[in-house]
Amino acid sequence: MMPRPFKPSEVEQFFSRFAAANPNPRSELEYKNPYTLLVAVVLSAQATDKGVNKATARIFPKIDSAEKMLGFGEDNLREAIRTIGLYRNKAKNVIALSKVLAEKHSGEVPKDREQLEQLPGVGRKTANVVLNVAFGLPTIAVDTHIFRVANRTGLAPGKTPREVEDALEKIVPDKFKLHAHHWLILHGRYVCIARKPNCPSCFVADLCRYQPKTPPAGADADSERKLIRAARRVRS
Ligand code: SF4
């Protein structure tokens with residue numbers, strides 16, 4: 001059954017709480033400029049930000065432009081990022097996108113979704129992150145965390161990341177759009193986690209439609225004890 005849709009006043013409350021708790025959320029990916037951000041986001045597919053930061057710390061101090069990356073070369077890059085999943089393919093894409101940036105965009109990262117999406121290894125999600133983080137545009141990139149939070153809470157349900165993105169685009173008030181992406185990602189990463197959401201510590205629990213909520217640790221133990229006692233009674 002579809003959860004009861006959020007009323008505009010509830011959406012306002014939902015995001016006001018994130019804004020009060022974390023007025024200026026930041027990407028957890030390390031970067032120096034739009035180019036290094038683009039590379040970091042491409043490397044982050046199916047990898048943790050922590051793992052990506054560890055690898056890019058080896059290259060970004062010296063390699064921070066498309067031109068320098070082309071001079072560094074695919075073999076060196078592959079070696080430097082071999083701790084990240086899918087590193088062979090990612091190294092190939094980073095070199096290919098650096099070539100396109102050098103040849104078609106004077107080495108600059110374009111501030112344009114269509115042009116970004118034409119770069120090798122760059123899809124809608126990566127383009128949205130770059131537009132939001134590097135250029136301050138109010139885009140919402142839907143990754144696995146946002147997809148889960150939007151569906152679980154009932155805030156912006158959708159069967160595909162694009163459906164969720166469109167739903168968020170429609171309901172998130174303009175004043176919250178710039179930071180909505182990071183608020184929802186961080187919430188999904190640290191509170192509304194995939195395996196067992198931490199509902200007792202969640203400051204939007206009263207607005208969230210997810211049921212049944214994860215009980216507090218004590219309550220968890222209590223109900224577990226009751227179940228064990230009931231099972232013993234049945235056996236005896
Ligand atoms: S109440 Fe639970 S399910 Fe709902 S957003 Fe918070 S952590 Fe996620």
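Because the model is predicted, local features require a pLDDT of at least 70 and side-chain atom pairs count only at pLDDT 80 or more, while totals for chains, interfaces and linings use all residues. Residues are numbered from 1 along each chain as its sequence is written.

**Overall make-up**

The protein contains 12 helices and 0 strands; helices (H or I, at least four residues) and strands (E, at least two) are DSSP runs, numbered from the N terminus. The C-alpha atoms occupy a box of roughly 75 × 45 × 30 Å along the principal axes. Of the 236 residues, 31% count as buried. A residue is buried if 20 or more other C-beta atoms lie within 10 Å of its own, exposed if 12 or fewer, and partly exposed in between, with C-beta atoms placed from the backbone.

The average pLDDT, the predictor's confidence in each residue from 0 to 100, is 92, and 92% of the residues score at least 70. Two residues are in contact if their C-beta atoms, placed from the backbone, lie within 7 Å. Where pLDDT is low, the predicted coordinates should not be read in detail.

**Helix α11**

Helix α11 covers residues 174-190; its 17 residues should span 24 Å at 1.5 Å a residue, and its end C-alpha atoms, 25 Å apart, agree with this. The expected span is 1.5 Å times one less than the number of residues. At Ala180 the helix bends by about 55°, the bend being the angle between axes fitted to the seven residues ending there and the seven starting there. Ala180 is also one of the buried residues of α11, which include His179, His181 and Trp183. The elements below are among those that cover the buried residues of α11.

| Covering helix | Residues |
|---|---|
| α1 | 8-21 |
| α8 | 124-133 |
| α9 | 144-153 |
| α10 | 161-171 |

**Arg113**

Arg113 lies in helix α7 (residues 113-117). Arg113 counts as partly exposed because it has 16 C-beta neighbours inside 10 Å. Leaving out residues up to four places away in sequence, Arg113 touches Ala127 and Leu131.

**Around the ligand**

The ligand has 13 residues around it, of which Cys192, Pro197, Cys199, Cys202 and Cys208 come nearest; a residue is near a molecule if its C-beta atom, placed from the backbone, lies within 6 Å of it.
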